[in-house]
Amino acid sequence: MTAPPVLAFIYDRCATSNQAMLDLRLAACTEHLAERGWDVGGQYVDNGNDALTDNARPAFDRMLRGMAEVTGRDRVCLVYDWGRLSHDSSHRQEFAHAVLGAGGWLSTIDGESVRFGATPTGRLTAGPVIA
């Protein structure tokens with residue numbers, strides 16, 4: 001029996017009213033998951049002030065709940081780059097732990113990834129390091 005495709009939950013944040021760059025990042029994420037044959041689990045974007053905070057992100061929290069509800073499938077939080085989680089490394093760690101706690105793993109469109117029990121791939125100075 002073949003395992004079902006990975007279920008990708010796209011996450012981003014945008015604090016500005018000009019969403020052109022956001023649209024480009026989301027398109028790149030959509031292209032990335034299509035190239036891998038992953039299914040779309042949803043697209044979650046925190047806007048305005050919600051995008052600036054490192055402790056209350058409504059769209060991120062909805063994504064976590066959606067990931068946690070899925071069983072029997074590999075789930076990934078796909079971000080354009082690690083800065084989509086946070087530019088602060090300690091907060092990036094907290095967001096990464098939340099995704100892992102929801103049963104998922106993290107990946108960027110450049111192929112950097114973080115999973116429980118696996119050696120992180122990519123630029124370790126930029127991505128979350130899970131201990």
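Which backbone oxygen does the side chain of Arg13 reach? Select Arg13 and look for Gly83: its backbone oxygen is 2.9 Å from the Arg13 side chain. That is a polar contact (N or O atoms within 3.5 Å; within protein, one able to donate a hydrogen and the other to accept it, with residues adjacent in sequence counting only if both atoms are side-chain atoms).

Before moving on: this is a predicted model, where local features need pLDDT of at least 70, side-chain atom pairs count only at pLDDT 80 or more, and totals for chains, interfaces and linings use all residues. Residues are numbered from 1 along each chain as its sequence is written, and side-chain values use heavy atoms, leaving out hydrogens and water.

Stay on Arg13, in strand β1 (residues 7–14); strands are DSSP E runs of at least two residues and helices H or I runs of at least four, numbered from the N terminus. Arg13 is buried but has no salt bridge, with Asp54, the nearest side chain of opposite charge, 5.3 Å away. Buried means under 20% relative accessible area (1.4 Å probe, protein chains only); a salt bridge needs a side-chain nitrogen of Lys or Arg within 4 Å of a carboxyl oxygen of Asp or Glu.

Now select Ser86, in the loop between β3 (75–79) and α4 (89–101). Ser86 is buried too, at a relative accessible area of 1%. Its side chain makes a polar contact with that of Asp54 (3.1 Å). Show the residues Ser86 touches (heavy atoms within 4.5 Å): among them are Arg13, Arg57 and Phe95.

Notes: Buried means under 20% relative accessible area, exposed over 50%, partly exposed in between (1.4 Å probe, protein chains only). Lys and Arg count as positive and Asp and Glu as negative; His and the chain ends are not counted. Lists of a residue's contacts leave out its neighbours within four places in sequence.
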